[in-house]
Amino acid sequence: MRVAVLGAGPAGLYFAYLLRRSHLGAEIDVFEQNPADATFGFGVVFSQRALDFLKQDDAPTHDAILPHMEQWQDLTIAHRGKVTPIDGIGFTAIGRLELLRLFQDRARSVGIEPHYNSPIDRLDALDQYDLVVGADGVNSLVRNSLAQEFGATISTLGNKFIWYGTKKPYDALTQTFLETEHGAVTAHHYRFKPDMSTFIIEMGGETWERSGFAQMGETETIERCQEIFAEQLDGHKLITNNSHWRNFPKISTATWSVGKYVLVGDALRTAHYSIGSGTRLAMEDGIALVRALFDHRGEHPNEIRVALQAYEAARRPVVETLVTAANMSADWYERMDELISLDPYDFAYSYIQRSGRVAAESLDKLSPKFMAAYRANTAH
Ligand SMILES: Cc1cc2nc3c(=O)[nH]c(=O)nc-3n(C[C@H](O)[C@H](O)[C@H](O)COP(=O)(O)OP(=O)(O)OC[C@H]3O[C@@H](n4cnc5c(N)ncnc54)[C@H](O)[C@@H]3O)c2cc1C
């Protein structure tokens with residue numbers, strides 16, 4: 001079986017690594033348009049739950065990644081000057097580039113050397129392959145070339161966000177919400193190395209317009225963002241890495257494969273970053289796809305097609321649950337201007353409930369300190 005993988009991001013590298021490790025005897029070519037160390041953004045988070053899944057599925061990769069992660073047990077909501085800790089919601093974080101390097105090492109350890117600086121611009125360049133895996137991210141060539149056949153839908157959220165970093169090391173995953181003269185703004189900020197943090201700024205489209213960001217260049221944008229979050233940055237600068245304002249794209253497809261073409265990672269679907277699951281989903285897609293290929297080997301003349309359908313059948317329910325949670329969380333951020341007027345404890349409670357994944361009845365067990373403070377400070 002000859003397999004082409006488009007994209008050496010987390011989805012492509014991890015799939016290629018697992019496929020080689022599965023001893024299916026596949027010839028694997030990974031094509032990446034960029035050099036090996038090109039990446040956008042800064043650190044990404046994994047929930048404790050996501051790490052537990054990885055440990056169960058692939059303990060060696062879990063063990064290779066874990067020592068490079070920052071970890072904490074509580075998260076913090078800073079809302080109009082009041083800081084509310086929420087206990088029991090464990091997260092870990094790692095730099096995107098560092099994670100890519102770890103995946104590159106793992107791929108190399110099984111003899112996979114991606115072809116870097118090798119953009120694929122037409123699908124027919126891959127005609128000689130038996131299986132083509134689109135791990136080519138939100139602007140996927142594979143998905144776009146067969147958009148109708150995949151039943152692809154793309155819409156963009158109204159909020160604007162920009163992904164910066166800073167050298168200020170935050171103690172916990174912190175969500176700061178501020179009211180400016182133009183509307184509500186938030187920063188998602190957390191440490192991903194001892195001396196480096198992610199700092200994502202987000203606001204409604206109208207707040208962004210009224211703030212004049214549309215007319216600002218890169219330097220003025222940074223200066224204005226530094227002014228807004230001066231207290232949180234505490235004298236530190238914002239650092240850029242391909243940082244520009246974007247609207248988050250919501251991507252989904254009616255089917256996950258068309259003939260020999262199959263999608264994984266962001267090419268297949270996106271999950272809003274506020275639940276920190278995109279990379280985890282990308283990795284779990286790889287696990288499920290390799291498992292389906294392995295389980296259906298030698299079974300049928302059309303074994304690849306059968307395996308691709310099995311991959312979707314097994315994985316779609318799990319993905320849909322997480323994507324629903326991500327969409328609910330994204331909607332919560334889209335309503336930030338209305339929610340910000342809640343009292344701090346009600347606001348923090350609404351925040352925890354935003355994705356629908358934490359049942360109200362389990363909160364006493366999960367976050368006992370927060371719930372005690374919530375009850376003491378509200379009429380609930
Ligand atoms: C602001 C923000 C914050 C985020 N935070 C988190 C977080 O905290 N936790 C988390 O888990 N996820 C987070 N994510 C999501 C995460 O970054 C993505 O889900 C993840 O990178 C998806 O991996 P991927 O390999 O599918 O896609 P990508 O990482 O986009 O990789 C796709 C690769 O394909 C290559 N490529 C594209 N087209 C071609 C072509 N034609 N030929 C060759 N190569 C090509 C690209 O260069 C790229 O290297 C965040 C995303 C954003 C925007």
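Me: Which residues of helix 10 meet which residues of helix 11?
Reply: Leu281, Asp285, Ala288, Leu289, Ala292, Leu293 and Asp295 in helix 10 meet Ala307, Ala310, Tyr311, Ala314, Arg315, Val319 and Leu322 in helix 11. Contact here means C-beta atoms, placed from the backbone, within 7 Å. Helices are DSSP runs (H or I, at least four residues), numbered from the N terminus. This is a predicted model, where local features need pLDDT of at least 70 and side-chain atom pairs count only at pLDDT 80 or more, while totals for chains, interfaces and linings use all residues. Residues are numbered from 1 along each chain as its sequence is written.

Me: Why are helix 10 and helix 11 called roughly antiparallel?
Reply: Their axes cross at roughly 150 degrees and come within 8 Å. Angles over 145 degrees count as roughly antiparallel, so helix 10 and helix 11 are roughly antiparallel to each other. The axes are lines fitted to C-alpha atoms over the stretch in contact, with angles from 0 to 180 degrees between N-to-C directions.

Me: What makes the largest nonpolar core a core, and which residues touch the most other members?
Reply: A nonpolar core is a set of buried Ala, Val, Leu, Ile, Met, Phe, Trp, Tyr and Cys residues joined through C-beta atoms within 7 Å. Buried means 20 or more other C-beta atoms within 10 Å of a residue's own. This core has 104 residues, and Val5, Leu6, Phe15, Ala16, Val133, Val264 and Leu289 touch the most other members. Helix 11 (residues 303-334) gives the most, with 11 residues.

Me: How do you know that this core lies between domain 1 and domain 2?
Reply: Both domains give residues to this core, so it lies between them. The domain bounds come from an automatic or database assignment: domain 1 is 2-36 + 114-156 + 249-334, and domain 2 is 342-377.

Methods: Buried ≥ 20, exposed ≤ 12 C-beta atoms within 10 Å, placed from the backbone. Helix = DSSP H or I, 4+ residues; strand = E, 2+ residues; numbered from the N terminus. Parallel < 35°, antiparallel > 145°, perpendicular 65-115°, else oblique. Contact = placed C-beta atoms within 7 Å.
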